[in-house]
Amino acid sequence: MFRKFILAALALAATSASAQTEIQFWHSMGGALGDKVGELATKFNATQTQYKVVATYKGSYGESMTAAIAAYRAGNAPHILQVFEVGTATMMAAKGAVIPIAKVMKDADEPFNPKVYLPTVAGYYTDSKGNMLSFPFNSSTVVFYVNKDAFKKAGLDGNKPPKTWKEFQAAADKLKAAGQSCVYTSGWPSWMHIENFSAWHNVPIGSKENGMAGLDTEFQINSPLHVRHLTMLTDMAKKGLFTYAGRGNQAEAKFSSGECAMLTSSSGAQANIKRTAKFEWSVNFIPYHDDVKGAPQNSIIGGASLWTMGGKTNNSYKGVAKFFAYLSQPEVQADWHQSTGYVPITQAAYELTRKQGYYEKNPGADIAVKQLTNKPPTANSKGLRFGNFVQGREAIEEEIEGALTGKKEPKAALDEAVRRGNEILRKFEAANKG
């Protein structure tokens, strides 16, 4: 009798295992963030037996997007692909290769209400007809990190970080004088010093509401204010007050190791900083030029969303929908927000975090949300949507590097960034209009 019971149990287990449908999820989160993504998948898998989400790190955002496009053409794309925000327009134009999240959820009969997501986040991934196309996942914004120990050593008050760029430069001088080898560095230079800088000062990044109102948009990042800001950075670099660390998040390690005293980079850097930093640090509003009327306005998001790739079975899409429904739960979102520094994507998760007293126990943890909602977004500050912006941002980054290394004057560099960027926009427009 006992032997029959064991055999029956084994048979049932084998049947359950073979019936489980795998959902391939390609992402670009390494270190502590990658560990957290793995934890999310594991916890979801434990909630049911029909589906198994397999989370796989596929390199940087650009690398995983390129790999997914190649895999789609070969017929073996993942079910879910994490795509950074600058790839949004490209994914939107890839009709047939992606399935809108609204359709995925409706077809699977899973609960889905686009209105529960923060407007500043959901709007980024919604088309002109109001259809949400991808699932907001790790939304972030640029914030300002300060090494409070380094400030104290320089005779500065770490509890009163610089608010304006004038105050910032004065603090930088004191840090340098106190022997700080790396005073200031920045992750994602274009995102911080062009895209968020523009929104923060309520000036356009491009025409047509930063590309959201039409494909015939043009970049406008060579205004006198943009030139003045890049000139300031260039002068700081010459004086040894600004250390360029690359186009991605390389600067974050320079801060968390204690090498650099000030950092502007993603709010999502907090997970790794918490794990690594051996000093007191704080999160603050990014500085602004106080002679610009109305500044600061509001910052814009970065990070990434999850896109559902086409060409899979209906059953597997039910699993994708279940995973998205799981990720939308306030408890799951609140934990993700508190563990990573990314913005809670739903109002319920933000309220839950607030009620849990997390922001009181962790001053600065709500800075990202406060920045995004600092003022109602304008046409200049609600976000951007430029075609082929992965390449467009690369052109901008190259020109910024040209200015910082002294190869070009800031005005000439930004003029060239506009010219090169517009060439990329025209190619995208020609390929996708109509």
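The following dialogue takes up terms applied to this predicted model and the values behind them.

Student: What do the numbering and the confidence limits rest on?

Tutor: Residues are numbered from 1 along each chain as its sequence is written, and in this predicted model local features need pLDDT of at least 70, while side-chain atom pairs count only at pLDDT 80 or more and totals for chains, interfaces and linings use all residues. Side-chain values use heavy atoms, with hydrogens and water left out.

Student: Why is the pair of tyrosine 117 and phenylalanine 135 called edge-to-face?

Tutor: Rings of Phe, Tyr and Trp (its six-membered ring) pair if their centres lie within 6.5 Å; planes under 30 degrees apart count as stacked, over 60 as edge-to-face and the rest as tilted. The centres of the rings of tyrosine 117 and phenylalanine 135 are 6.1 Å apart and their planes stand at 85 degrees, so the pair is edge-to-face. The rule gives 25 aromatic pairs.

Student: What makes this pair a tie between parts of the chain?

Tutor: Helices (H or I, at least four residues) and strands (E, at least two) are DSSP runs, numbered from the N terminus. Tyrosine 117 is in the loop between α5 (101–107) and α6 (119–122), and phenylalanine 135 is in strand β5 (residues 135–140), so the pair ties together parts that are 18 residues apart in sequence. Both tyrosine 117 and phenylalanine 135 are buried.

Student: Which residues do ring pairs link into a cluster?

Tutor: The cluster consists of Phe25, Phe44, Phe137, Phe323, Tyr326, Trp336 and Tyr342.

Student: How do you know that the charged end of lysine 58 sits over the ring of tryptophan 26?

Tutor: The rule asks for NZ of Lys or CZ of Arg within 6 Å of the ring centre and within 35 degrees of the ring normal. For lysine 58, the charged end is 4.2 Å from the centre of the tryptophan 26 ring, and it is listed as sitting over that ring.

Student: Why is threonine 346 called buried?

Tutor: Buried means under 20% relative accessible area, exposed over 50%, and partly exposed in between (1.4 Å probe, protein chains only). Threonine 346 has a relative accessible area of 3%, so it is buried. Its place is in the loop between α15 (330–340) and α16 (347–355). Leaving out residues up to four places away in sequence, threonine 346 touches Val116, Tyr117, Leu118 and Ser328, where contact means heavy atoms within 4.5 Å.

Student: And why is alanine 94 called partly exposed?

Tutor: The relative accessible area of alanine 94 is 24%, so this residue counts as partly exposed. Alanine 94 lies in the loop between α4 (88–93) and β4 (98–99).

Student: What makes glutamate 85 and arginine 393 a salt bridge?

Tutor: A salt bridge needs a side-chain nitrogen of Lys or Arg within 4 Å of a carboxyl oxygen of Asp or Glu. In this pair the closest N and O atoms are 2.9 Å apart, and the salt bridge is assigned. Arginine 393 belongs to helix α19 (residues 389–404) and glutamate 85 to the loop between β3 (80–84) and α4, so the pair links distant parts of the chain, 308 residues apart. Arginine 393, at 8% relative accessibility, counts as buried, and glutamate 85 is buried at 5%. The whole structure holds 24 salt bridges.

Student: How do you know that lysine 208 and aspartate 216 meet in a salt bridge?

Tutor: Their N to O distance is 3.6 Å. Lysine 208 is partly exposed at 37%, as is aspartate 216 at 38%. Aspartate 216 is in the loop between α10 (207–210) and α11 (224–238). Beyond neighbours within four places in sequence, the contacts of aspartate 216 are Ser207, Lys208, Arg426 and Glu429.

Student: What makes domain 1 and domain 2 an interface, and how much area is buried between them?

Tutor: The domain bounds come from an automatic or database domain assignment, which gives domain 1 (21–140 + 301–361) and domain 2 (142–299 + 387–431). The contact takes 22 residues from domain 1 and 18 residues from domain 2. Buried area is the accessible area (1.4 Å probe) that two parts lose on being put together, summed over both; here the value is about 1500 Å², with 54% from carbon and sulfur atoms. Ala32, Val86 and Ser140 supply 29% of the area that domain 1 buries against domain 2, more than any other three residues. Across this interface the rule finds 2 salt bridges.
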